[in-house]
Amino acid sequence: MQRRNFVKSLVSTPFALAATSSIAADARPLQPGNLRNGVLNAMRRAVQHMDEKVSFRGGYVWAYLPDLTVTWGEMEAKRSMCWIQPPGTPTVGHAFIDAWNATGEDVFYAAAERTALALIEAQLPCGGWNYIHDFAGEESLKHWYETIGRNGWRLEEFHHHYGNATFDDAGTATTAQVLLRMYLAKRDERFRAPLYRAIDFILQAQYKGGMADGGWPQRWPHFSGSTAHMPTPPGLPDGARHGMEDGDYTPHVTWNDDVAGENVKFLLLCVMGLGETRLLPAVKRAMDCMLRMQQPAPQAGWGLQHLAAPAQNRPAGAPAGARSYEPRALTTHTTATNIQQLFHYFRLTGDRKYLARIPEAISWLKTCTLSEQMLAENPLLRGRTHATFIELGSNRPRFVHRYGSNVHNGAYYTDHDHRDTPSHYSAGRTVNTDALQAEYETLMGLPAAAVTEMHSRSPLALTAPVALPHYFSLREVDFPDLFAGARISAPAVSEGEAGQLIQDLGDKNYWATPLPAITNPYRGDGPRAAHAGREYMSRNVGDRYDTSPYDPRIPPDIAPYTKQDRPLGITTSSFVSKLGKLIAFYAPEKS
């Protein structure tokens with residue numbers, strides 16, 4: 001559920017290491033007069049290679065060995081899979097559309113078209129998308145969940161095949177953006193119906209009435225099966241609590257990873273591009289839900305998720321637990337994100353009610369800073385300012401721990417001990433309360449005329465469709481980019497940088513990139529016998545049966561792992577970044 005910006009790999013293989021060679025015969029430095037043509041040619045070759053060689057039927061995962069024999073998304077993937085979760089298929093689709101917008105060349109539109117059609121094939125009957133799609137069919141996907149997925153100790157969202165769609169990690173929202181852009185590009189009717197199914201999905205999944213009105217669950221339609229896994233082993237320290245306190249977390253109103261903000265942004269893009277002003281009431285209800293679910297002072301923050309309906313003698317709107325390492329608590333980084341969203345909502349509406357309780361939230365955040373002792377005794381907290389989870393009522397930090405060696409004999413729990421926290425989920429966050437306070441004061445100090453002028457440029461004030469931002473892959477399109485007159489600044493790319501990108505592409509037609517993480521191959525379910533050691537407490541990965549990713553340069557200090565360099569491969573995140581630099585060099589004025 002945390003937004004991931006890394007890709008996964010497998011233990012180093014000869015295929016991965018083979019990519020260190022191969023400098024193109026035509027990779028000699030280009031003269032300045034020919035550089036622009038060289039950039040365009042490099043863009044063509046890189047995109048065609050991704051489209052024709054790397055993709056599976058137009059879909060993408062996150063990382064590949066150069067010979068494509070092994071592929072990875074969030075975890076090791078079958079070759080027949082595509083990953084919807086960014087930086088997967090929709091992220092690459094945005095880059096293809098951007099290349100077409102920059103050049104007008106058919107080769108880029110053809111790649112974007114093929115990727116958009118893959119996303120349509122992956123669209124579920126409900127209109128949304130799961131994290132992943134398997135072109136080989138439902139049985140192949142279930143097999144993946146029952147083997148690799150269920151053995152990723154820390155990746156609990158993949159332990160069960162829910163069979164429904166998710167809003168997590170902006171996968172559905174980003175995919176819907178791609179379909180919107182493709183439809184607007186040429187008004188191709190093949191994209192219109194899937195686009196409107198996605199719009200309807202977002203509207204239907206939004207809670208209506210009551211405390212949860214305007215919020216979205218983590219997954220929808222609601223899952224009716226069991227998410228029970230292995231029994232939790234005994235032996236918790238005194239005062240500790242197991243996770244999963246509120247059962248299946250997917251129906252809760254979700255703020256984690258800015259689910260509401262991503263959905264609101266997509267709906268506003270539809271207002272802009274399609275003139276769909278009928279979506280504005282849903283936008284307004286989502287904004288007001290965030291206000292309504294802010295907790296009372298003195299703990300005036302938000303949790304990762306909140307109850308959509310009363311449960312366990314707690315009212316609707318109360319903070320709720322999610323995965324077993326996400327306890328029922330308030331969360332400092334989510335609160336900071338929601339404060340920023342309320343700043344955006346004020347700019348969109350001109351209504352100061354969205355600013356009214358921000359001082360309470362900032363005041364609460366100032367009570368949640370990490371102590372000097374915590375920073376000194378836990379290296380993973382250094383550079384952070386705030387504890388991630390704050391206990392309801394006591395305002396004490398809660399810290400996550402785990403014991404065991406894999407998903408079958410281990411478990412997560414929380415207590416007040418700040419030491420030995422897992423490295424895969426940060427126990428601390430960096431929150432700049434001074435910056436939040438300064439932005440609040442700036443907005444509060446705006447005169448009425450300035451607020452009126454600002455609102456007049458808001459997408460909420462539109463009476464006719466307008467063009468969307470030209471580029472979506474050079475950086476994330478955010479709320480300020482939706483206002484009339486806004487421009488996305490293209491990064492400055494020097495001639496030397498552009499020439500180096502061409503040289504690095506070589507005659508391989510792909511950029512070889514160190515893969516940030518590796519995974520254990522699936523060996524079957526891990527042992528269920530209790531594991532008394534502490535060696536896996538703070539590691540990204542457990543024993544050899546754990547299919548979770550980890551950095552090969554920082555292995556567990558036990559067999560069978562040995563320290564190694566990162567293998568080289570192809571990653572979608574690197575491709576999008578480097579293609580984006582070439583786009584910015586070729587046509588920065590279109591930003």
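Two strands count as paired if DSSP finds at least two bridges between them, and helices (H or I, at least four residues) and strands (E, at least two) are DSSP runs numbered from the N terminus. In strand β21, Ile570 is the bridge partner of Tyr64. The model is predicted, so that local features need pLDDT of at least 70 and side-chain atom pairs count only at pLDDT 80 or more, while totals for chains, interfaces and linings use all residues. Residues are numbered from 1 along each chain as its sequence is written, and side-chain values use heavy atoms, with hydrogens and water left out.

**The sheet**

Strands of a sheet pair through backbone hydrogen bonds, either parallel or antiparallel. Here five strands form an open sheet with antiparallel pairing, in the order β3-β2-β1-β21-β18. Because β3 (76-77) and β18 (513-514) stand at the edges with a single partner strand each, one side of each has no neighbour in the sheet. Strand β1 (residues 63-64) is joined to strand β21 (residues 568-571) in the antiparallel sense over two bridges. Helix α16 (residues 572-586) lies across β1, β18 and β21, and runs at about 65° to β21.

**Two helix pairs**

The table lists two pairs of helices; axes are lines fitted to C-alpha atoms, for helices over the stretch in contact, and angles run from 0 to 180 degrees between N-to-C directions.

| Helix pair | Axes come within | Crossing angle |
|---|---|---|
| α3 (residues 89-103) and α6 (residues 171-186) | 9 Å | roughly 25° |
| α10 (residues 332-349) and α13 (residues 433-444) | 11 Å | roughly 15° |

The angle makes α3 roughly parallel to α6, and α10 is likewise roughly parallel to α13, a label given to angles under 35 degrees. Contact means heavy atoms within 4.5 Å, and the residues of α3 that meet α6 include Pro90, His94 and Trp100. The residues of this contact divide into six nonpolar, five polar and three charged, where Ala, Val, Leu, Ile, Met, Phe, Trp, Tyr, Cys and Pro count as nonpolar, Asp, Glu, Lys and Arg as charged, and the others, Gly among them, as polar. In the other pair, residues of α10 including Phe343 and Phe346 meet residues of α13, among them Leu436 and Tyr440, and this contact has seven nonpolar, one polar and two charged residues.

**Salt bridges**

The structure holds 26 salt bridges, each a side-chain nitrogen of Lys or Arg within 4 Å of a carboxyl oxygen of Asp or Glu. One of them joins the side chains of Glu105 and Arg44 at 2.7 Å, N to O. This pair links distant parts of the chain, 61 residues apart, with Glu105 in the loop between α3 and α4 (106-122) and Arg44 in helix α2 (residues 32-54).

Key: Angles under 35 degrees count as roughly parallel, over 145 as roughly antiparallel, 65 to 115 as roughly perpendicular and the rest as oblique.
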